[in-house]
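Welcome! Have a look at the sequence and the structure, and then we will walk through the fold together, topic by topic.

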Amino acid sequence: MKKSRWIWAAIAAFLILFCIFVMIVERKNADAMQTASAGGVSGHPTILIDAGHGGVDGGTVAKDGTVEKGINLEIALKLEAVFRMMGFDTVMTRREDISIHDESAKTIRAQKISDLHNRLKLINETPDCLFISIHQNSYPYPNNTGTQVFYSPNNPESEALAASIQQSVIHLIQPKNIRKIKKSGTEIYLLYQAKTPAVMVECGFMSNTQETEKLRNEAYQSELALSIFYGVLNYLNGNDASASVPVTQ
Ligand SMILES: [Zn+2]
């Protein structure tokens with residue numbers, strides 16, 4: 001009898017300690033959220049979200065006919081919703097299936113160039129912003145999978161922002177992803193030209209059938225959006241993404 005009382009006392013003590021631990025973790029997360037929220041409303045970085053391609057420019061196309069521009073927009077809109085919910089100011093390059101070219105651009109080539117120029121104009125005209133471009137990858141070797149973040153070579157903050165997003169995505173939803181962040185060259189026009197902290201998130205490979213299926217899934221799109229959000233949050237708070245984001249698995 002005595003022995004079992006001791007066991008129950010030990011279990012009760014453990015439960016109390018566990019509850020205190022959970023309360024501390026919850027409190028820490030709430031503080032981090034508050035900091036981010038306060039940052040948004042007090043004029044700290046505006047989040048400029050770019051849904052890659054659109055309109056005449058579909059981007060890459062998967063074997064099953066899924067077009068990149070649609071997936072980009074769905075993830076970008078979910079990302080916008082999270083940032084707005086947390087009190088951030090956001091700007092979108094597009095909110096529907098359009099190319100944002102000037103009316104004077106007549107050929108498809110001219111429209112693509114004008115569209116990119118207008119996206120860059122938006123970056124330059126949005127003061128104190130973080131630029132996050134959403135795209136999907138494609139590669140001739142169909143086994144490639146996983147998110148990879150590219151960063152602008154101009155603003156030194158871009159690399160830290162990219163690293164935080166990459167780490168957050170890996171930690172939260174892609175534990176087997178070993179991809180590293182990569183500096184953009186001239187091939188990614190907007191990153192190459194942007195002066196503000198700027199990254200491009202290649203969320204997954206549409207050349208891989210299983211990953212395309214996941215990318216089409218609303219729940220997975222939300223997971224991607226949340227992981228990117230946490231990466232930005234940790235970058236803004238100067239935290240190590242793998243140490244401070246809640247663990248989901
Ligand atoms: Zn793309």
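In what order do the 6 strands form an open sheet? The order is 2-1-3-6-4-5, and the pairing is mixed; two strands count as paired if DSSP finds at least two bridges between them. At the edges are strand 2 and strand 5 (182-183), each of which pairs on one side only. Please keep in mind that this is a predicted model, in which local features need pLDDT of at least 70 and side-chain atom pairs count only at pLDDT 80 or more, while totals for chains, interfaces and linings use all residues. Residues are numbered from 1 along each chain as its sequence is written.

**The chain as a whole**

- The chain has 8 helices and 6 strands; helices (H or I, at least four residues) and strands (E, at least two) are DSSP runs, numbered from the N terminus.
- Along the sequence, these elements follow the pattern α-β-α-β-α-β-β-α-β-α-β-α-α-α.
- Of the chain's 249 residues, 38% count as buried. A residue is buried if 20 or more other C-beta atoms lie within 10 Å of its own, exposed if 12 or fewer, and partly exposed in between, with C-beta atoms placed from the backbone.
- Among contacts with a separation of 6 or more, 76% are between residues 24 or more positions apart. Two residues are in contact if their C-beta atoms, placed from the backbone, lie within 7 Å.

**Strands and their partners**

- Strand 1 (residues 46-51) pairs with strand 3 (residues 129-137) in the parallel sense over 6 bridges, and here Ile47 stands opposite Leu130.
- Strand 1 also runs parallel to strand 2 (residues 90-92), joined by 3 bridges, with Leu48 opposite Val91.
- Together with helix 2 (residues 68-85), strand 1 and strand 2 make a right-handed β-α-β unit. Right-handed describes a crossover in which, with the strands pointing away from the viewer, the path from the first strand over the helix to the second runs clockwise.
- Strand 4 (residues 148-151) and strand 6 (residues 198-205) run antiparallel and are joined by 4 bridges; Gln148 stands opposite Glu202 in strand 6.

**A closer look at Ser133**

- Beyond its neighbours within four places in sequence, Ser133 is in contact with Asp50, Gly52, Leu190 and Met200.
- Ser133 and Asn72 are 61 residues apart in sequence and 8.9 Å apart in space, C-alpha to C-alpha.

**Helix 4**

- Helix 4 (residues 157-172) lies across strand 3, strand 4 and strand 6, and runs at about 175 degrees to strand 4. Axes are lines fitted to C-alpha atoms, for helices over the stretch in contact, and angles run from 0 to 180 degrees between N-to-C directions.
- Why is helix 4 largely enclosed by the rest of the structure? The reason is that 13 of its 16 residues are buried.

**The nonpolar core**

- The largest nonpolar core has 48 residues, of which Leu79, Ile132, Ile165, Val199, Val201 and Ile228 touch the most other members. Such a core is a set of buried Ala, Val, Leu, Ile, Met, Phe, Trp, Tyr and Cys residues joined through C-beta atoms within 7 Å.
- Helix 7 (218-237) is among the elements that each supply at least two residues of this core, and its 8 residues are the largest share.
- Leaving aside neighbours within four places in sequence, Ile228 is in contact with Leu79, Ile132, Ile165, Val169 and Val201.
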